Amino acid sequence: MQSTMMDVPLSLTRLMLHATTTHGDARVTTWTGEGSRSETYAAMGERIARLANVLRDFGITGDNRVGTFCWNDQEHLEAYLGVPAMGAVLHPVNIRLFPEQIVYVTNHAEDEVVVVDGSLAVPFGKLLPQLKTVRHVLVTGDADLAAVAADGVEVHRYEEALAAAEPAFPWPEVDERQAAGMCYTSGTTGNPKGVVYSHRSSYLHASGLSRGDVLALSPLDRVLPVVPMFHANAWGLPYGAALVGADLLMPERFLQGAPIAAMIEAERPTVAGAVPTIWNDLLRHGREHGADLSSLRVVICGGSAVPRSLMAGFEQEFGVNVRHAWGMTETSPLASIAIPPRDVADDEERMRIRLSQGRLLPEVEYRLIGDDGGVVPNDGTSLGELEVRGPWVTARYYQEDDPAKFHDGWLRTGDVGTIDELGYLAITDRSKDVIKSGGEWISSVEMENALMAHPDVVEAAVVGIPDEKWQERPLAAVVVREGAALDAAQLREALSAQFAKWQLPDSFTFIDAVPKTSVGKFDKKVLRRRFAEGDLEVRTLPHE
Ligand code: ADP
């Protein structure tokens, strides 16, 4: 029997119109380093209509791609809301990719217009001659435009173009299955791969993110996405906040501990999201200089595993609740979140659950596939590769075949872990980072966490290095707190409480900083390469 309900599309057009009318009094505030600039959603709605007219005059219709090359700020949000709303496709380019990757993704996505942050005009201008499909560039702020020039490309000032455009736009009704936006993975191996989100998937994801079992967003919230809008859509925070009429606070390029602390004190966000590297820096800053983080009711953290030291430090020293989440560009990205069940009385048990990757959301079906290709039980101990499927999970990559990533209609996440009877996922590693020693597996993530729990360790990454006898052995790359004296033997001793003897690393290297990817994750590929090239000074203890 068919339902009697209307078949009206779920769309970002609707989301944008709702945000800028019904929630017209909400505000977007952009940090400027010293202070901030702010605009109501209603005023932004008019600017979004002007932007849509500018883009239409440039010939953007249907599914043409509009790239952005921006920090998180008001203008980026205008493109986020306006481009999909007019039926075109938004492509936020990761400004931290290597230049050849930026050229690759812009050409691959065939971006025709790019909105460029004035502060990035110079680096963007250097690449522009290689961007084959770009016809128009809109530069925000009052940057010098001389640096942005190429044959066949018209360069405009964003503000001037908006001022000259009509403040109303005939918003279309788009098909909910149409592309709304695209993001590329950060390409830790090979070229970045494109994921194309639909209006429906983005709308559902925004609603899911806002729900009580995730962030419980409301018009009373002030949401601070520190996670860049070019990294998996800032985890959906801009769309989630716009949908419910929460204020958005944009950190622009001020992403270090000190300016983030200043922004939090001045603007009093209630919700914020970023990868552990950012929060670690804020924690360090807060410890050294003090910080008032009391406005934050929840901080969402993911992208890589949240170390216990980070979660405990925020809670005990600043009263901030860090909520661990897991996801991928391919999953929009939010797929799981760690909120303990209501009846866990024991503090240690609560902490264990909060440090897991949490429960998968109802929209994300899951299963673990064992070594033999069969589904393993969700018993909290059986290890397998996580596979997921659902309405906001990608079914393929944009114009690229990668059959190894898909399996009978499921996405292979490349993450290995366990799931317990209550559905809590614990990721022990990325499959390519697992250390295989003597036929057994050592979790690099667990060992990193244990190392980072040491008060004199700032950060630590563990990678497998080839070993004749054991196939692979762990190498711990450790950053020691300035002024502290800590040697390899002490570190191994500290680990011995938590790890079996055969798991303990014999090799240690002391480095100034763990290399990071363009989205702030530990770049183990670089560590492995530096080791292979003999570029790391390794101390090897006798095997016990
Ligand atoms: P990239 O794949 O380019 O690094 P993504 O942000 O899409 O960019 O990365 C997704 C991957 O990040 C996941 O497959 C997983 O390995 C890792 N990840 C994300 N969140 C977590 C988390 N909470 N704990 C551990 N790993 C995580």
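Modeller: Let us take the interface of domain 1 and domain 2, across which the rule finds 5 residue pairs in polar contact, both at pLDDT 80 or more. A polar contact is a pair of N or O atoms within 3.5 Å; within protein, one must be able to donate a hydrogen and the other to accept it, and residues adjacent in sequence count only if both atoms are side-chain atoms. The largest share, 4 residues, comes from strand 9. Helices (H or I, at least four residues) and strands (E, at least two) are DSSP runs, numbered from the N terminus. By class, this side of domain 1 has 10 nonpolar, 7 polar and 4 charged residues. Here Ala, Val, Leu, Ile, Met, Phe, Trp, Tyr, Cys and Pro count as nonpolar, Asp, Glu, Lys and Arg as charged, and the others, Gly among them, as polar.

A word on the source. This is a predicted model, in which local features need pLDDT of at least 70, side-chain atom pairs count only at pLDDT 80 or more, and totals for chains, interfaces and linings use all residues. Residues are numbered from 1 along each chain as its sequence is written, and side-chain values use heavy atoms, leaving out hydrogens and water.

Now step back. The chain has domain 1 (12–197), domain 2 (255–432) and domain 3 (435–540), with bounds from an automatic or database domain assignment. Between domain 1 and domain 2, the C-alpha centres lie 28 Å apart. Domain 1 gives 21 residues to the contact and domain 2 gives 17 residues (contact: heavy atoms within 4.5 Å). Together they bury about 1,500 Å², 60% of it on carbon and sulfur atoms. Buried area is the accessible area (1.4 Å probe) that two parts lose on being put together, summed over both.

How many salt bridges cross this interface? The rule finds 1. A salt bridge needs a side-chain nitrogen of Lys or Arg within 4 Å of a carboxyl oxygen of Asp or Glu. D402 forms one with K193, and their closest N and O atoms are 2.7 Å apart. Side chains of opposite charge can pair when their charged atoms come close.

For scale, the structure holds 36 salt bridges. One of them joins R135 and E112, at 2.6 Å from N to O. R135 sits in the loop between helix 5 (121–127) and strand 6 (136–139), while E112 is in strand 5 (residues 111–116). They are 23 residues apart, so this pair links distant parts of the chain.

Last, the ligand. Of the 19 residues around the ligand, S186, A325, T329, D415 and R430 come nearest (near: a heavy atom within 4 Å). A nitrogen atom of the ligand is 2.7 Å from a polar backbone atom of A325. A backbone N or O atom of T329 lies 2.7 Å from a ligand oxygen.
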